[in-house]
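Let's take a walk through this one together.

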Amino acid sequence: MLVTLTVNGVRRGASVPPRRLLSDFLRHDLALTGTHVGCEHGVCGCCTVLLDGEPVRSCLTFAVTVDGREVTTVEGLARADGEMSPVQRAFAECHALQCGFCTPGFLCAVTALLRDDPAPSERQVREGISGNLCRCTGYQNIVKAVHRAADLIAEES
Amino acid sequence: MKPPPFGYRAPREVGQALADIAAVGEDGKVLAGGQSLIPLLNMRLAAPGTVVDINRVAGLDTLTAGPDGVRVGALTRQARVERSEEAAAVQPLLRQALRLVAHPAIRNRGTVVGSLVHADPAAELPAVLAVLDGSVRLASVADGERDVPAREFFTGPLEVAAGPDDLAVSAFFPALPPRTGTAFHEVSRRHGDFALAGVAAVVTMRADLGLEEARVACAGVGPVPIVVDVTAEAGAGDRAAAAHTVRERIEPEDDVHAGAAYRRHLIGVLTERALAEASRRAADA
Amino acid sequence: MTAKLFGEPVGRREDPRLLTGRGRYLDDLGSGALAAAFVRSPHAHARIRDIDVSGALDIEGLVAVYTFEDLPPRVAEPLPLLIPHPALAHGRTARPLAKGVVRHVGEPVAMVVAHDRYLAEDACALIRVDYEPREPVVDVEKAAEGGPAVHADVPGNVAAHLVQEVPSAAGVPARQMIESAPYTLAFRLDIERSAPMPLEGRGVLARWDLDDRSLRVYSSTQTSTGVRMAIAARLGLPLPSVEVIAPDVGGGFGVKLVHPWPEEVLVPWAAMVLGREVKWAEDRREHFVASSHERGQAQFVRVGFDGEGRVLGLDVTLLHDHGAYTPYGIIVPIVTSTQLLGPYRIGAYRVEFSSVYTNTVQVTPYRGAGRPQGVFCMERTMDRIAAYLDLDRTAVRAANLIQPGEFPYDQRMTFQDGRPLIYDSGDYPESLRMIKELIGWDSFAEFRAAAAADGRRVGIGIGCYVEGTGVGPYEGGHVQVTSDGRVHVSTGLTSQGQGHETVFAQIAAGELGVPLDRVSVVTGDTRRLGYATGTFASRAAVVSGSAIALACRKVREKALRIAAEALEADPADLVVEDGVIRVAGSPGAAIELATVATLANPLRYAFDAEAARATQFAAPGDPDRPPIAEGEEPGLEGRAYYSPLRSTFASGMHAAIVETDPDTAEIKILRYAVVHDCGRLINPMIVEGQIHGGVAQGVGGALYERMAYDSHGQLRNASFMDFLMPYATEIPHIETAHLETPSPLNPLGVKGAGEAGVIPVAAVIAGAVEDAEGIVIDRMPLSPSDLFRLREEAARRR
């Protein structure tokens with residue numbers, strides 16, 4: 001079946017069987033390998049992308065189901081001129097990543113979190129990222145980065 | 001962990017969906033949010049011949065909150081219900097419970113009706129439907145539409161009173177009577193996990209602020225949500241007695257996360273906490 | 001010269017790539033490669049009667065199916081026993097594909113290669129294996145008591161048995177010391193099985209070049225040189241024809257150190273046989289049953305002590321659950337038994353362990369590698385002594401600490417590298433003082449009283465450890481300055497998120513006097529450096545860092561010599577700053593390092609204008625000497641190896657305050673504090689990150705993560721739904737403080753930091769819960785359900 005999505009603002013299509021997971025569609029059919037796959041049962045959050053702006057698990061979505069819709073992946077978070085988004089910059093500044101495998105999922109989740117709540121409390125941040133596993137950082141610097149990103153967004157808007 | 005091959009149908013209106021479901025029968029699976037079905041497919045624990053994907057069916061993504069209650073369409077995502085002020089005003093227990101369902105990214109795709117139909121005994125939403133004695137509206141080509149009350153809908157772990165030809169098109173959560181408060185308390189291992197035990201409570205006060213009715217539904221401690229009327233105990237002001245009654249009614253089991261004795265103990269604690277909070281809210285209502 | 005960058009919290013150079021989706025992890029490579037999948041045993045113990053692959057042959061897109069019978073002898077034979085040890089009398093390793101018998105759920109039985117992973121899994125589902133189930137043994141005690149034999153030729157299931165005895169200074173053995181001690185205690189402790197569980201599974205991609213008969217393998221490994229040598233040996237290829245690259249690796253924590261995994265042999269072999277690129281990316285379900293676990297141990301302790309709590313004799317017997325195979329030898333129980341002593345001077349010590357086979361996934365090192373168990377044992381012992389004597393727990397520890405004046409301190413044992421266990425440096429009393437201050441140990445009683453007044457239950461715990469880091473045998477560093485002025489650094493060990501590209505660049509930039517952004521670092525690529533050991537045992541900064549520093553010093557020396565000639569100055573008068581070599585006190589006399597690099601390589605051919613400077617008529621040189629002097633090499637590059645004499649010993653002390661819910665038995669960590677000493681810090685930001693991550697894994701091991709096997713050897717929680725790795729909501733804020741006692745053993749004065757965070761956490765939490773509850777905690781992990789049961793038992797006893 002032909003599946004066409006608008007990915008990071010660009011219309012992209014490929015012919016795939018109905019069982020193709022959105023995660024595999026992005027990674028293998030569209031060669032956007034920034035979205036990672038850590039469990040394929042919806043718990044780790046590595047595969048989180050934005051579907052029409054809302055974070056979803058791309059491993060728990062068939063590509064064919066979301067035919068015609070808009071997807072943003074980690075490759076689409078930076079500005080058009082290549083400058084990293086405030087969330088990306090905050091992650092770098094706060095050392096919020098180590099191996100980097102879970103990071104794309106966190107970036108997508110945090111981007112949506114801060115859009116909906118520009119000044120979250122510590123508790124809201126921890127709950128807001130609680131659908132994403134990280135095995136390296138112990139989360140402390142991720143939490144710090146979310147607060148820092150909130151500050152950067154506020155400064156720049 | 002890739003899903004097995006399956007036939008695929010993507011109807012665009014309800015009539016076609018019902019026809020597709022009838023056509024594929026036992027060998028079919030309905031796909032809505034997919035947050036329970038797709039993990040099973042990825043693990044190859046389910047291998048339907050055909051998946052009927054209802055995500056494009058018009059008219060199923062409804063959410064109406066009226067004086068009688070909240071009706072949630074089959075495609076309405078949990079996140080939308082959670083955020084709806086109208087739904088929260090009519091039936092606050094929905095939001096109280098939805099905040100405990102998995103994580104935001106799951107709630108963005110997962111549907112309320114899907115969670116009811118999946119009927120995981122540890123899930124929050126079946127307990128909500130049960131304690132409110134709401135209903136699920138089923139539709140099929142042969143039988144048309146019919147409402148099944150919660151007490152008849154949940155028949156066993158992951159089992160509901162819906163035939164292979166049925167599509168659950170909506171669920172109805174009745175509004176609260178006046179002077180009524182609700183609460184949902186649970187203990188889970190990690191934030192967002194299925195509850196080791198959970199209690200949904202509904203408490204209604206009389207005009208003189210005496211207790212008129214108190215009811216709880218328990219999750220994670222039996223094959224289906226277990227509803228217990230504790231009006232007598234709570235009416236006498238004895239929440240510990242209410243907890244005792246509830247403990248006697250449940251059928252908890254051991255699993256990798258907790259022992260049955262602990263779950264039985266926990267249900268008592270959660271019953272007292274949920275009743276206390278629901279009573280406070282009823283008094284404020 | 002190194003002062004400027006060394007020690008600074010320099011931002012990571014890996015991050016821009018990893019933050020924008022441009023990381024290259026294993027499954028991001030090899031677009032279009034064939035996909036491999038495996039049929040794995042559903043039984044914990046069974047004989048294979050027959051394998052019928054015919055059902056799979058109809059799958060469109062199937063390329064090949066292989067069983068044991070299809071493998072050539074060299075490929076089929078058992079995988080290597082990586083670390084032999086005289087005590088490992090019955091070491092056993094798996095074959096890449098099972099021959100006749102399977103010994104744990106998940107053991108590979110057949111390999112399928114197809115056009116994509118979906119099709120490969122379809123084919124796997126259609127392969128029928130006829131198993132004759134045998135009785136498995138899962139419980140380590142049952143196995144040791146003569147339960148069913150995991151290996152028919154290893155009766156009693158004991159792979160290894162080792163006794164180590166360190167008598168008192170006066171020569172009295174531990175058991176005798178205990179007999180004659182004023183006080184004695186005896187008890188049992190248990191630690192359950194867990195797993196490293198990186199978020200990226202293992203994976204292998206192999207590309208066979210038919211034209212020049214060479215093999216390129218990408219593996220998500222912690223040791224690309226190890227994988228390379230193993231593959232070359234297995235496949236009968238000349239070593240120079242095999243190159244192995246560790247791309248970006250999504251976490252390792254020990255599991256990717258084992259090599260070769262069955263898939264690391266089979267996938268390259270299939271690529272050669274098929275003449276096609278083949279890839280295998282492990283999925284999560286496979287990872288649970290096919291990749292190593294660790295931690296499971298039963299400990300039997302006897303201790304004798306005096307009235308101050310000084311340990312006069314300690315006698316520990318360990319039953320170590322080794323799973324079905326011992327590819328990594330007995331490193332884990334050796335580390336437990338040697339590192340158990342921690343920062344303490346123990347009167348006399350006897351430790352005995354049995355490594356026991358069970359029908360479960362093999363056990364190999366997981367971050368901490370046996371230390372969390374050893375520290376659990378020692379620290380629980382300290383707490384028991386304190387409770388028995390009614391002394392403050394920190395006072396008992398203080399009474400036993402090795403003092404700063406006692407270094408080097410010889411524990412008189414043999415460490416995991418076969419070398420003497422001699423602590424190089426440390427300041428344990430200062431560390432204890434710092435942790436007490438950080439957590440507020442002395443004012444905790446007031447906090448507890450205030451909490452109790454509100455009906456809350458709180459407790460405090462402490463745990464101390466010493467960690468041998470930076471083990472040998474060696475690592476290398478290669479540093480090349482090219483004529484564009486860029487500095488290319490490579491080392492053979494691999495990276496899984498430790499920030500090597502940053503810290504090694506800090507070292508190189510500091511040593512060479514060049515701006516950081518001119519330095520690039522490559523790790524784990526055998527094309528760049530063929531000699532290496534791997535990333536484990538908190539050794540990268542110590543061993544590779546030192547090697548890189550030494551290589552830079554060689555380069556710098558050569559650069560100064562060439563510059564001195566060009567500037568007609570004495571090398572001793574030269575300084576290097578910002579990539580420019582200057583004569584001190586003579587502002588005009590300078591030469592770019594780039595130019596020196598050009599001059600270092602006498603040329604016949606000018607490939608660009610800059611290169612023309614080095615050609616034979618432009619730089620004629622001394623006609624009486626050859627263009628390259630004897631003993632010299634062309635180019636401005638250097639290679640050095642660092643081989644440590646012994647491990648260097650990092651240390652730390654953690655403390656936590658927990659709250660237990662009197663009703664639900666939920667356990668919440670209110671505060672977590674760490675004092676950490678890893679010698680000189682290269683990049684404090686990165687060290688802190690390592691500690692945070694380690695503590696989080698420790699919290700997982702203390703309160704959440706366990707591998708729950710049933711008596712049939714089925715793993716009941718083989719998913720992230722049920723194997724409970726903590727989310728942000730479960731991990732406390734971690735407060736840290738650093739103490740820096742430099743190591744005298746290496747040129748940088750550094751010690752390792754990678755594993756530290758995880759080591760004492762279970763001990764700390766157990767102590768804190770025990771303190772809150774007044775119930776003895778002798779088993780980890782501890783769930784609310786477990787705590788409830790302990791409360792009920794305690795209530796019945798009262």
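Not counting residues up to four places away in sequence, which residues does Gln96(B) touch? They are Thr182(B), Ala183(B), Phe184(B) and Arg281(B). Before going further, keep in mind that this is a predicted model. Gln96(B) belongs to helix α5 of chain B, which runs over residues 92-98. With a relative accessible area of 19%, Gln96(B) falls under the 20% cut-off, so it counts as buried. One of the residues it touches also takes part in a polar contact: a polar atom of the Gln96(B) side chain sits 3.5 Å from the backbone nitrogen of Ala183(B).

Now zoom out to where chain B meets chain C. Here 26 residues of chain B are in contact with 34 residues of chain C. If you like your interfaces as areas, about 2,500 Å² is buried between chain B and chain C, and carbon and sulfur atoms give 58% of that. On the polar side of things, 15 residue pairs are in polar contact between these two chains, counting pairs with both residues at pLDDT 80 or more. There are also four salt bridges across the interface of chain B and chain C. Which helix of chain B gives the most to the side that touches chain C? That would be α12, residues 260-284, with six residues. Sorted by class, this side of chain B has 14 nonpolar, five polar and seven charged residues.

Four salt bridges turn up across the interface of chain A and chain C; one of them joins the side chains of Asp28(C) and Arg27(A), 2.9 Å from N to O. Polar contacts link 27 residue pairs here, again with both residues at pLDDT 80 or more.

Find Cys552(C) in helix α15, residues 540-567. Is it buried or exposed? Cys552(C) is at 0% relative accessibility, so it counts as buried. Leaving aside neighbours within four places in sequence, Cys552(C) is in contact with Val479(C), Ala508(C), Glu511(C) and Leu512(C). There's a sequence jump to spot as well: Gly638(C) is 86 residues from Cys552(C) in sequence, but their C-alpha atoms are 6.8 Å apart in space.

Finally, move along chain C to helix α17, residues 684-704. Its 21 residues reach 29 Å from the first C-alpha to the last, close to the 30 Å expected at 1.5 Å a residue. At the start of α17(C), a side-chain oxygen of Asn683(C) comes within 3.1 Å of the backbone nitrogen of Met685(C). Why call α17(C) largely enclosed by the rest of the structure? Because 19 of its 21 residues are buried.

Conventions
Residues are numbered from 1 along each chain as its sequence is written. Chains are lettered from A and ligands numbered from 1 in the order in which they are written. This is a predicted model: local features need pLDDT of at least 70, side-chain atom pairs count only at pLDDT 80 or more; totals for chains, interfaces and linings use all residues. Side-chain values use heavy atoms; hydrogens and water are left out. Helices (H or I, at least four residues) and strands (E, at least two) are DSSP runs, numbered from the N terminus. The expected span of a helix is 1.5 Å times one less than its number of residues. Buried means under 20% relative accessible area, exposed over 50%, partly exposed in between (1.4 Å probe, protein chains only). A polar contact is a pair of N or O atoms within 3.5 Å; within protein, one must be able to donate a hydrogen and the other to accept it, and residues adjacent in sequence count only if both atoms are side-chain atoms. Contact means heavy atoms within 4.5 Å. Buried area is the accessible area (1.4 Å probe) that two parts lose on being put together, summed over both. Ala, Val, Leu, Ile, Met, Phe, Trp, Tyr, Cys and Pro count as nonpolar, Asp, Glu, Lys and Arg as charged, and the others, Gly among them, as polar.
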